[in-house]
Amino acid sequence: MPVKAPPISVEQVDSRALALSYAQVRDRAATAARRAGRVPEEITIVAVSKARPLADVEALFRLGHRNFGENRVEEGSQKALEAAATFAPHADPIIWNMIGHIQSRKAKTAVAAFAHIHSLDSVRLAQRLSRFAAEQGKTVPLLLECNVSAEASKHGFVAAQCASNTEQWAALTEAVTRIMELPRLEIRGLMTMAPVVPNPEAARPHFRALRDLRDRLDARFPSADWEQLSMGMTDDFEVAIEEGATLLRVGRAIFGERS
């Protein structure tokens, strides 16, 4: 039976303000790309819709945007169901990205609800995603979340010293080897959460570290696809682009401050 979602009041959304902020983010991303000698089309903006009402998602959808990111499995899966039932046609669907930590017990729902997973942070989670992907007849594109800043509060594979610490590098490559052996999973690159800093330039070394780590993994595992780098948010996405980001996770700069 189709899901009956509550009616959406798009009138509650300031559509003009949203259109302007969305255009500004796109322009800033394109300018940063050209400044770095890159093609703007290489970069995908993932509009972070966590804690935003579905009306915000619909309004941005009406502007032509398709990639959205959620960081909670339950909220994101419910939002995906409601969007599919009300305004996102099957022929032109939203691409839902899981960008937050996934608890193992929620892996089945994550596989069902999200087209891309940015936050694979353990072999154990990979094993569960693989199992449920096989059950659902899906192949899951995913990114390895790597903690390149050594912040204890961050999730991800420990990777801050892979260039100099042989044990850390060995542990990471062993994990990648095991993940690549699992069916129904496709590694597409890396993701990181940079420290929250007042000056975006202070995030640059962390973005550069992720890019360098990607290059090392590409050399070590050439059969995998390491093209994607998910890094950069509202306060630092232009610096991230200059360091090679292909996926930007931008919420506040598009939707405004949360009420």
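**Aromatic rings and their surroundings**

Trainee: Is F61 buried or exposed?
Mentor: F61 is buried, with a relative accessible area of 5%, where buried means under 20% relative accessible area (1.4 Å probe, protein chains only). This is a predicted model, in which local features need pLDDT of at least 70, side-chain atom pairs count only at pLDDT 80 or more, and totals for chains, interfaces and linings use all residues. Residues are numbered from 1 along each chain as its sequence is written, and side-chain values use heavy atoms, with hydrogens and water left out.

Trainee: How many aromatic pairs does the structure hold?
Mentor: It holds two aromatic pairs, a pair being rings of Phe, Tyr and Trp (its six-membered ring) with centres within 6.5 Å; planes under 30 degrees apart count as stacked, over 60 as edge-to-face and the rest as tilted. The rings of F61 and F87 have centres 5.3 Å apart and planes at 65 degrees, so this pair is edge-to-face.

Trainee: And F87, buried or exposed?
Mentor: F87 is buried, with a relative accessible area of 6%.

Trainee: What about F68 and W96?
Mentor: F68 and W96 form a tilted aromatic pair, 5.8 Å centre to centre with 40 degrees between the planes, and both residues are buried.

Trainee: Switching topic, which residue lies over the face of F61?
Mentor: R66 does, at 3.6 Å from the ring centre; the criterion is NZ of Lys or CZ of Arg within 6 Å of the ring centre and within 35 degrees of the ring normal. R216 likewise lies over the face of W169, at 3.9 Å from the ring centre.

How values were computed:
Buried < 20%, exposed > 50% of the residue type's maximum accessible area, 1.4 Å probe, protein only.
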